[in-house]
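Here are some exercises to work through with the structure open beside you. Try each task before reading its solution.

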Amino acid sequence: MTSGTSATDQGRLAGPLSQSVANLCLRLQPQVSPRTAAGFAEVLRRLGGPLQVAVAGRIKSGKSTLVNALIGRRVAPTDVGECTRLVTRFQYGTVDRVEVVFNDGHKQVLPFAADGMIPAELGVNIEEVSHIEAYLTNAVLQGMTVIDTPGLGSLDAASVSRTEELLGAAKHRKDPDSDDPESEDDLDDTSRSAVAGAEAVLYVVTQGVRADDQQALAAFTAATASREAGPVNAIAVLNKADTIAPESVPGSDGDIWKAATLLAGKQASTLKPRVADVLPVIGLIAESAESGGFTSADAEALKKLSTMDDSILEMMLISADIFTTWECEVPSGTRQRLLEKLDLFGISQAVKTIRAEPEITAGSLRRVLLDASGLAAVRARLDIVFAARADGIKAAAALASVTALAHASGDPGERQRVHDAIEVLLAKPEAHQLRLLEALTLVASGAVDMPEDLTEEVLRVGSNADIGAQLGKPGGSRAELAPFALERAGWWRSFASFGATPAQSRVAHVVHRAYFLIWQQIREV
Ligand SMILES: Nc1nc2c(ncn2[C@@H]2O[C@H](COP(=O)(O)OP(=O)(O)OP(=O)(O)O)[C@@H](O)[C@H]2O)c(=O)[nH]1
Ligand SMILES: [Mg+2]
């Protein structure tokens with residue numbers, strides 16, 4: 001996963017805008033009160049870390065399962081246990097380690113459970129627990145910090161504020177290998193909540209999206225970020241696609257995946273403008289295939305099942321009950337295990353695959369299952385957010401925090417200094433991507449209607465970190481790209497002036513300038 005074009009010369013910062021915001025913080029630090037300065041230090045630490053992605057959704061929608069699939073390791077407890085009621089932050093570390101962070105700030109290292117997971121029961125008074133920090137060596141976490149959250153279904157005012165508190169209290173982002181006492185900050189609550197919050201959100205919905213899902217998502221957004229989550233930094237998945245009854249979805253022709261895609265499209269219009277679209281996924285299969293949960297013993301058992309009489313197997317696969325209780329050669333306990341890892345749809349997909357290719361290896365079967373889970377599309381979408389937008393998203397979050405900190409200081413002089421510095425920053429060329437993200441939000445959410453080809457072009461320019469990809473000519477030479485960028489800049493300028501509605505025109509001006517800046521950049525070098 002890349003993290004911006006110039007990540008290497010900017011250390012771990014996501015890109016040039018994050019660099020400018022970091023410089024701003026460093027420059028202002030000596031000029032503000034110690035409290036604000038401590039807040040800036042926290043902002044700097046966040047800017048230097050990977051994008052913070054919260055996985056949010058209703059109770060039992062499969063959030064933790066998806067977290068495991070994304071990390072590639074079964075580490076978050078699913079189903080039961082008190083951990084499902086806590087916020088858990090999964091971040092990169094050089095050694096695997098889990099800590100319980102208490103409300104008063106002290107921490108306690110937790111041993112992993114025998115199966116390598118975070119223990120479902122913590123053995124401490126959960127009322128006193130702020131959240132859990134898990135440091136893992138998994139490479140995916142170098143590109144993003146994943147935050148597993150408690151289900152939203154029960155979100156009343158009290159638990160909203162608890163969620164806020166939990167995420168806000170996530171101040172202990174200290175490098176696990178550093179003994180630097182300076183990184184133990186002493187932020188007060190105001191500062192802490194100003195700098196807390198997810199920078200991107202992965203919404204998990206299931207077939208039964210209810211009217212209050214929208215509300216729940218809004219509550220989550222309010223609780224976790226001072227900014228609205230929009231199609232630029234929010235991704236939605238329709239999870240448990242395998243449990244959809246295709247006959248309940250007109251036009252699906254009895255095909256589960258087609259039904260899921262149709263349903264996901266419908267949900268996208270319900271969830272607009274918060275998300276651009278909804279991707280169907282089968283988190284359970286993704287988790288089993290991606291985390292080593294699916295073993296060669298499982299493949300063997302499936303092979304045995306696939307030799308059974310078709311009509312009997314078909315009947316067994318009608319329900320979990322019949323599947324586990326029917327008399328057959330494969331022990332009932334093994335079947336139970338298969339159910340837990342793949343559920344009925346996954347089992348029937350595996351059997352189909354084996355029947356078509358009886359000699360298939362466990363490894364290949366695992367890959368077929370992974371393909372069937374839809375996880376690759378989710379990863380691809382996350383990559384777009386991270387590679388192309390992390391700089392803008394992180395910088396916007398940091399600027400919002402800096403502004404909030406200055407406001408909270410109560411010192412008008414300080415507020416003015418910060419305000420002026422931000423004004424200067426916003427006039428710089430690298431700040432244009434904030435406007436581009438806004439334009440992208442308007443177009444992707446449907447708030448500004450554009451002809452389809454232009455919509456695609458806006459998305460392309462705003463969703464790629466690489467200039468060739470932005471211009472739709474990946475790998476193109478500068479000699480080829482520069483005149484093209486200039487030509488498109490000119491086209492969008494005339495579109496802005498002639499033939500566009502006022503709303504389109506505002507977007508067009510932003511796109512024009514984006515092309516112009518691209519042209520300047522490749523012309524200069
Ligand atoms: N069939 C099927 N079951 C799934 C899928 N994803 C998750 N599950 C099951 O749904 C149940 C709940 O999954 P979790 O991952 O614990 O859900 P959660 O949203 O984290 O739950 P809470 O944290 O308690 O809100 C588990 O039994 C999972 O195995 C899926 O794609 N298909
Ligand atoms: Mg959970």
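**Exercise 1.** In which strand is the place of threonine 88? Then work out whether threonine 88 is buried or exposed, and list what it touches.

*Solution.* Before we start, note that this is a predicted model.
- Step one: find threonine 88 in strand S2, which covers residues 88-92.
- Step two: check its relative accessible area, which is 5%. Buried means under 20%, so threonine 88 counts as buried.
- Step three: look for its neighbours, skipping residues up to four places away in sequence. Threonine 88 touches Ile118, Ile132, Ala134, Val146, Ile147 and Asp148.

**Exercise 2.** Zoom out: how many helices and strands are there in the protein, and what share of its residues count as buried?

*Solution.* 
- Step one: go through the elements, and you get 21 helices and nine strands.
- Step two: turn to burial, where 53% of the 525 residues count as buried.
- Step three: take the contacts between residues at least 6 apart in sequence; 76% of them join residues at least 24 apart.

**Exercise 3.** Check the span of helix H2 (residues 34-48) against what its 15 residues should give.

*Solution.* 
- Step one: at 1.5 Å a residue, H2 should span 21 Å.
- Step two: the C-alpha atoms at its ends are 21 Å apart, so the two values agree.
- Step three: pick out the buried residues of H2, among them Phe40, Glu42, Val43 and Leu47.
- Serine 401 is 359 residues away from glutamate 42 in sequence, yet their C-alpha atoms are 9.6 Å apart in space. Serine 401 sits in helix H15 and is itself buried, with a relative accessible area of 6%.

**Exercise 4.** Which residues of helix H16 (residues 412-426) are buried, and why can we say that they line one face of the helix?

*Solution.* 
- Step one: the buried ones are Glu414, Val418, Ala421, Ile422 and Leu425.
- Step two: look down the axis of H16. The buried residues fall within an arc of 100°, so they line one face.
- Step four: ask what covers the buried residues of H16; the cover includes helix H1 (16-28), H2 and helix H15 (375-409).
- Step five: go to the start of H16, where a side-chain oxygen of aspartate 411 comes to within 2.8 Å of the backbone nitrogen of glycine 413.

**Exercise 5.** Describe how helix H17 (residues 432-444) and helix H18 (residues 452-462) cross.

*Solution.* 
- Step one: recall that a packed pair of helices is described by the angle and the distance between their axes.
- Step two: the axes of H17 and H18 come within 10 Å and cross at roughly 145°.
- Step three: for the hand, H17 passes H18 in a left-handed crossing.
- Step four: name the contact residues. H17 brings Leu436, Leu440, Val443 and Ala444, while H18 brings Thr455, Val458, Leu459, Val461 and Gly462.

**Exercise 6.** Is lysine 266 buried or exposed, and how about alanine 234?

*Solution.* 
- Step one: lysine 266 is found in helix H8 (residues 256-271), and is exposed, with a relative accessible area of 53%.
- Step two: alanine 234 lies in strand S8 (residues 234-238), and is buried at 5%.

Methods:
Residues are numbered from 1 along each chain as its sequence is written. Chains are lettered from A and ligands numbered from 1 in the order in which they are written. This is a predicted model: local features need pLDDT of at least 70, side-chain atom pairs count only at pLDDT 80 or more; totals for chains, interfaces and linings use all residues. Side-chain values use heavy atoms; hydrogens and water are left out. Helices (H or I, at least four residues) and strands (E, at least two) are DSSP runs, numbered from the N terminus. The expected span of a helix is 1.5 Å times one less than its number of residues. Buried means under 20% relative accessible area, exposed over 50%, partly exposed in between (1.4 Å probe, protein chains only). The arc is that of the directions from the helix axis to the C-beta atoms. Contact means heavy atoms within 4.5 Å. A polar contact is a pair of N or O atoms within 3.5 Å; within protein, one must be able to donate a hydrogen and the other to accept it, and residues adjacent in sequence count only if both atoms are side-chain atoms. Axes are lines fitted to C-alpha atoms, for helices over the stretch in contact, and angles run from 0 to 180 degrees between N-to-C directions. A crossing is left-handed if the near helix is turned anticlockwise from the far one by less than a right angle, and right-handed if clockwise.
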